[in-house]
Amino acid sequence: FLPLLSEAGPGTSNFPMVRIGTGARPMGMAGSFVALADDSYANLWNPAGLTQFDWPEISLNHMIYWQGITEETLVGSYPVSDDFRLGATVQLINYGEIPKTLEKADGSFDVAGSNTFFNPKDSLFGVSAAYKFFEWFRVGIVGKYMYSTIENDRADTLMADIGGLFKFME
């Protein structure tokens, strides 16, 4: 309930990239990949899923969105033992060139100049670990460092996600 009260309006919140899903398969599943999470994209969706495959894996993703927005994602995982996995994530979003505008006293906007732009970007770096306690119970955690730049301003944050998988039947 409390997160709903603190929700920011459009254009007033930082780190919008945490709301953008990534990976062709996870997005093709409309985000329900969090329950399956059986490839290296588990780093971003549910880190416990890293225990569901037994081979090293690297995935690269390049997305082109509207208005010149691009996203680059690199996720990888490595089986350290039969029950323990490590993973890593690098995700970069470039929001393209946005023309600078000035707000006038009457509330209207004026383009600051035909060649005056700024280029906001978000970057995320993460390290994951997952452990299979039993065939039916797995847990994972990912620590993330993220920063966002808009012109001369920068915001940094640390985040963590904990995920679990409980299999009712094999």
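Predicted model: local features only at pLDDT ≥ 70, side-chain atom pairs only at ≥ 80, totals over all residues.
User: Why is Thr-22 called buried?

Analyst: Buried means under 20% relative accessible area, with exposed over 50% and partly exposed in between (1.4 Å probe, protein chains only). Thr-22 has 3% relative accessibility, so Thr-22 counts as buried.

User: Why does Asn-61 count as buried?

Analyst: The relative accessible area of Asn-61 is 12%, and the limit is under 20%; therefore Asn-61 is buried. Asn-61 is found in strand 1 (residues 57-64), where a strand is a DSSP run of E with at least two residues, a helix is a run of H or I with at least four, and both are numbered from the N terminus.

User: What makes the pairing of the Asn-61 and Thr-22 side chains a polar contact?

Analyst: A polar contact is a pair of N or O atoms within 3.5 Å; within protein, one must be able to donate a hydrogen and the other to accept it, and residues adjacent in sequence count only if both atoms are side-chain atoms. The side chains of Asn-61 and Thr-22 are joined at 3.0 Å. The Thr-22 side chain also makes polar contacts with the side chains of Glu-71 (2.6 Å) and Thr-73 (3.3 Å).

Definitions and conventions:
Residues numbered from 1 in each chain as written. Heavy atoms only, no water.
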